[in-house]
Number of protein chains: 2
Amino acid sequence: MSVTSIEVALAPPYRVHVGAGALERAAELVRGFSRCAVLADERVAPLHAHRLGALESAPRLALPAGEPAKTLDVAGQALDFLAATGLDRDSVVLTLGGGTTSDLGGLVASLYMRGIAVIHAPTTLLAQVDAAVGGKTAVNLGAGKNLAGTFHQPRAVLCDTEVLGTLDEAELRCGLGEVVKAAVLGAPGLLEQVERDAGRLLAGDGEALAAAVAACVRHKASVVASDERESGPRRSLNLGHTFAHAIERTAGYGTIPHGVAVAAGIALALEASRRLDLLEDADLPARVDGVLASLGLPDGVDELRRTSGQALPAADLVDAMHLDKKASRGAVALVLPRAVGRLELGVRAPERLLDWLMADRRRTAK
Amino acid sequence: MSVTSIEVALAPPYRVHVGAGALERAAELVRGFSRCAVLADERVAPLHAHRLGALESAPRLALPAGEPAKTLDVAGQALDFLAATGLDRDSVVLTLGGGTTSDLGGLVASLYMRGIAVIHAPTTLLAQVDAAVGGKTAVNLGAGKNLAGTFHQPRAVLCDTEVLGTLDEAELRCGLGEVVKAAVLGAPGLLEQVERDAGRLLAGDGEALAAAVAACVRHKASVVASDERESGPRRSLNLGHTFAHAIERTAGYGTIPHGVAVAAGIALALEASRRLDLLEDADLPARVDGVLASLGLPDGVDELRRTSGQALPAADLVDAMHLDKKASRGAVALVLPRAVGRLELGVRAPERLLDWLMADRRRTAK
């Protein structure tokens, strides 16, 4: 088993361990803390708790599976659990689950006694390549996704690619949406790898997945280290996300998987870039469309309407974009790609363009 | 009207404006932010909202008065309110109320979109001298007070001493408990002022209160600037608080006012210091007892039992101390005074001493 360790150079720095068997390091990593409590997705814990070694018997709270975990109510239950378990300031929380688990568990660790240590063990491709690295935590509000949260860096992240073997194609596809994002953002060689390995990635090939996860984590680690609090370059990681959050909100959280919405959002961002004359690599949209197609991911809103069966009215989508927390003083700010690795941040989108993109007349207008 | 501005030298630095009429600066301070929403104690807003000038008509949410505001439920309601009001990342929250309002409002501002600006306008003596300065935010959990929260520095604090004119003696007394703490911690000249001005302070004399508030804020600003996250010297500010939290918890939150419990806690800390041979200024306990008596504050648990009518069983109090978040690896860590301005931090208290202090056989044993 080979595990690669990637440093996130913040203060203090921490390591993301990527590869088959990475989870076995958990017990060793929590040594030195006074206590450890595990917050685990209720579906995931039975599948993977045995990989935790000595920590299999640590106090463990089952969190609701998926998006329903991301509420202040669940956060309150988890905080009560940490208190009942006797965690103190020298203790550590281990999260085991997908992005919703690390988002919620990270928030809970950041709040408990005004912040204790957390280690994430992401079990979905989406969480391994994105959510569990970088310290963003969140719950959803009625008004929108991730509207409440903190920045709280983990002490370590364990991306055990063996656990990805239990994911079905739909779950892998969701994570692959974020892989495509990292590829467009310029993770070295990743776009080429995805073009080459689409089939292997969708089939859950361990080696192909480990390579993609490592490439994504390396890229994200460098971005986060340069801008922990998202005041500058880190905003690039929101590529496709303003569109995606509007899609998820309009469909109802949990209806359309995040990574699937992100895939559509990336395609929309490329189209916006072209429409605003920002695009420098004219071949990029077709290349990304090709990759999305080979991964079974949508290349826009119409495709999403077809595959999801959701109406997703354009007017509702545009309204939802204005609620995004990246919106500032009323204007929707977008991250738009000029070429692989070259992004334009904070582009104020004209309303007409948003209307047009969300109606998705692109396909018919071409 | 004279207002003193005291800088808290953090990054970024901010100012605490102390004096009659300080609240009138609010409208000017929020200029430059995209929007402002006010979170106000439901009892306090009708009394003081007119002092906010142009902000009197800003969107305002009434929070439950006192300790009931400090729950995750109320935080969720306030977060929903900020979203409904259309606050974005460039907006500001103004809190108007006592320490429970700044604790809750500060937490809400720190969570909304992962942190937006907050300005505190504390309206109780307790909040002006302590709670609203220094960036600690919190809600209570079933297991204990302030067990969940964040560090989130305000952009400014407005300690308008005119608003203290609406407080009754019991409310002033509560704040005076924290004033005595600052005096023991070494705020220059404060112990002498309190000895001299006890009657004026209790009577709500504006000049005496403004001097005491300024002295406390100056002291707290210097401590917080040296240790924002409470890894070292800031722990001195917990003088009396491990005892106080145990008392409040055992009595039921809101039953015994925080500052009153802190007063008893200071007396207990001095007694513990004497018992552990840490005390260097042998006259200090009597001096502090004298000040507490002249302010009508308790000098121990027995006095508190008499005045509050609460049983406060010693065993329950000791149990509650072990739940304090300053406890680490099972041991209760105390802040003990050696002399005015000379503190011993992280003293592990022997169980027998805790039993003895909480039984309060001090008075009879002497």
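## A tour that starts at a buried leucine

Select A:Leu312 first: 22 C-beta neighbours sit inside 10 Å, so this residue counts as buried, the cut-off being 20 or more. Keep in mind that you are looking at a predicted model. Now check the backbone of A:Leu312: phi is positive, about 45°, although the residue is not a glycine. You'll find A:Leu312 in the loop between α12 and α13 of chain A.

As background, an α-helix has 3.6 residues a turn, so residues three or four places apart point the same way.

**Another positive phi, in chain B**

Hop over to B:Glu230, in the loop between α8 (206–226) and α9 (241–251) of chain B. B:Glu230 isn't a glycine either, yet its phi is positive at about 60°. Is B:Glu230 buried or partly exposed? Count 19 C-beta neighbours inside 10 Å, and B:Glu230 comes out as partly exposed.

**Cis peptides**

Go to A:Ala11 and A:Pro12 and look at the bond from one to the other: it is cis, with omega near -5°. A:Pro12 belongs to the loop between β1 (3–8) and β2 (14–19) of chain A. Now do this in chain B, where a cis peptide bond joins B:Ala11 and B:Pro12, omega about -5°. B:Pro12 sits in the loop between β1 (3–8) and β2 (14–19) of chain B.

**A loop aspartate**

Select A:Asp90, in the loop between α3 (72–84) and β5 (92–97) of chain A. With 14 other C-beta atoms within 10 Å, A:Asp90 is partly exposed.

**Into the core**

In soluble globular proteins, nonpolar side chains tend to be buried together. Here the largest nonpolar core has 270 residues, and A:Val108 and B:Val108 touch the most other members. Pick B:Val108 and show what it touches beyond four places away in sequence: B:Leu39, B:Ala75, B:Ala78, B:Leu79, B:Leu82 and B:Val93.

**Where the chains meet**

Finally, bring up both chains and select the contact: 28 residues from chain B and 28 residues from chain A. On the chain B side, α3 (72–84) and β8 (144–148) are the elements that give two or more residues. The largest share, 7 residues, comes from α3(B). Colour the chain B side by class and you get 14 nonpolar, 7 polar and 7 charged residues.

How do the copies meet? They do so through the same surface, since 100% of the interface residues of chain B are also interface residues in chain A. Superpose chain B on chain A: the rotation is 180°, the shift along its axis 0.0 Å and the RMSD 0.0 Å. The two copies are thus related as by a two-fold rotation axis. To find that axis from chain B, centre on B:Leu72, whose C-alpha is the nearest in the chain at 3.4 Å.

Definitions and conventions. Residues are numbered from 1 along each chain as its sequence is written. Chains are lettered from A and ligands numbered from 1 in the order in which they are written. This is a predicted model: local features need pLDDT of at least 70, side-chain atom pairs count only at pLDDT 80 or more; totals for chains, interfaces and linings use all residues. Two residues are in contact if their C-beta atoms, placed from the backbone, lie within 7 Å. Helices (H or I, at least four residues) and strands (E, at least two) are DSSP runs, numbered from the N terminus. Ala, Val, Leu, Ile, Met, Phe, Trp, Tyr, Cys and Pro count as nonpolar, Asp, Glu, Lys and Arg as charged, and the others, Gly among them, as polar. Copies are superposed by least squares on the C-alpha atoms of residues with pLDDT of at least 70 in both. A residue is buried if 20 or more other C-beta atoms lie within 10 Å of its own, exposed if 12 or fewer, and partly exposed in between; C-beta atoms are placed from the backbone. A nonpolar core is a set of buried Ala, Val, Leu, Ile, Met, Phe, Trp, Tyr and Cys residues joined through C-beta atoms within 7 Å.
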